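Here's a quick tour of one fold. Have a look at the model first, then read on.

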Amino acid sequence: MTFATRKLGEILAANNWLSADSLAEALEAQERHGGRIGDILLRSGAVSEDQLARALSIQWDLPYVEALPPRLGGRWVKKLPIGFAKHHHLLPLEEMEDGTTLVAIADTMLGDPLNDLVAVLGPIRLAVAPPNLILHGLNTAYDQASGTAEEVMESMDGEPMFTGLLDEPVDLLDATDEAPIIRLVNSVLFQAVKERASDVHFEPYEREFAVRYRIDGVLYNVLTPPRRLQASITSRIKLMAHMNIAERRLPQDGRIGLRMAGRDIDVRVSSIPTVHGERLVLRMLEKGAMNLELRTQGFSDAQLQTMNQILALPHGVVLVTGPTGAGKTTTLYGAISQINSPDRNILTIEDPIEYQLKGIGQVQVNPKIDLTFASGLRSILRQDPDVILVGEIRDGETAEITVQAALTGHLVFSTLHTNDAASAITRLVDMGVEPFLISSSVSAILAQRLVRRICPECRTAYQPTQAEAARLGLTDGQHTFYHGTGCGECARTGYRGRLGLYEILVMDEGLRSLVLTQPDATSIREYARTHGVHFLREDGAHKVLAGMTTTEEVLRVCQEEAG
């Protein structure tokens, strides 16, 4: 590396990256408090990391790294500890033809760490890159090189089993603990995040101990550790979740905070005792990863227009129905996020709070202290709300208060566990809500299901048989369907991601009059059909024709309509 002949401040000023006044202030601060001029300029916000890195490359006559190469990693990943590389901002980029390794650095005055790097990698060449680019490259390289849980388990034969407590959230890529059980659990969690698993199951049986991932709503077997590891794995997870490892007879709940490659993961842990030992299910929630836009959730243009009209209502009850895991909470979050504004007071009561929403007051149900949906909703009504979200209507008391809140001028969102939109009305009647109150307060009912989305990388068109088309209610003409053939992007499943199927029932005057006669669900469905409502299976058929999902997926979640 050549000796620097120009001052850093002069280079920044000469390239119009730094004003003369800012440079003078930084030099004055350096004279008073000491320190390096580059650090002072960064802290004050006078220059960006990118501008400082460019200036350093000019000062030391080194190449500047504009973008990372398409493939990172290699033998150096096994040799170079990620903690060392992150601390000193060192990123090996590629092996050169002359046998040297090109290394990106953010600090040109490293000294000893560069000598240590030479001892590990051999001869090196230097280039300059911003710290954020180097950290992104390190996370990518170590992520790609990380071993699977199967590889970790295979390396454990004959190793001692012991556990430790993980008090603080830690980036799994930085984890250096070599205890075999800790490495195995870390690998299982790491792989779960990498493969977009929403849940991780640890299931004990008589002769085996199974680990399964739920990906896009479907469970897959991923690992079968020896039965002898069950107690150690269970104890490790319970310690991480701050649960009582001595209590094996009662259900418990806990939480783990993790970071993986800079991503924050909230893990909710549930344990229940079974005849063969404790069964654990871990719900994986990535903070900040939830896309709440209704358009991205699967709503068509016509459905979005209807939803926008519903969300513009000043008051009334909007119900979302469907079984557990149908995406009801995501839809509600998307709805209230769309109407969230500084001039509105939006409050929610949930069990549990899935994601924290900015600018919205969220209350967690806690039956231990008698904070139920009903009692919490009463308290929320004294908080001057404009919009209320009730996580679920579970009983007549909550239903009654929800209806009264709508009648007193509030827009209320909630969920019900019914198969379709029509059944929600009869369910409220069964709970003891008078039909005239339902007619006056309920504005719209949305029923939904989640189906897997065809992987865009391996999507292939085909001509369905008449029988297959007929199962979706398509009896006329030729149609083109699509399916995924399986590729590396979708783990050979043919699917990647999910989208919703929807039926939206808006309460018009005719339906309000019908509700007063206490009709059954069949009569309500017949009214909806004659007034142009598209039911779940019909919406599914449209999305099959659009190449978004498959016949099998639609029929899997709409079996009650398929007969």
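What follows covers the model itself, a sheet, a helix and some cysteines.

## About the model

This is a predicted model, where local features need pLDDT of at least 70, side-chain atom pairs count only at pLDDT 80 or more, and totals for chains, interfaces and linings use all residues. Residues are numbered from 1 along each chain as its sequence is written, and side-chain values use heavy atoms, leaving out hydrogens and water.

## The sheet

Six strands make an open, antiparallel sheet in the order 6-5-4-9-8-7 (strands are DSSP E runs of at least two residues, helices H or I runs of at least four, numbered from the N terminus; two strands pair if DSSP finds at least two bridges between them). Strand 6 (218-223) and strand 7 sit at the edges, each pairing on one side only. The twist averages 25° from one strand to the next.

Strands 5 and 6 run antiparallel, joined by five bridges; Tyr213 has Tyr220 in strand 6 as its bridge partner.

## Helix 11

Helix 11 (residues 230-240) is largely enclosed by the rest of the structure, because 10 of its 11 residues are buried (under 20% relative accessible area, 1.4 Å probe, protein chains only). Among them are Ile233, Arg236 and Lys238. Their cover includes helix 10 (180-194) and strand 4 (199-204). Just past the helix, His242 has a positive phi of about 55°.

## Cysteines

There are zero disulfides here (a pair of cysteine sulfur atoms within 2.5 Å). For Cys455, the nearest cysteine sulfur belongs to Cys487, 3.7 Å away. Cys455 counts as buried, at 0% relative accessibility.

Notes
Buried means under 20% relative accessible area, exposed over 50%, partly exposed in between (1.4 Å probe, protein chains only). Contact means heavy atoms within 4.5 Å. Axes are lines fitted to C-alpha atoms, for helices over the stretch in contact, and angles run from 0 to 180 degrees between N-to-C directions.
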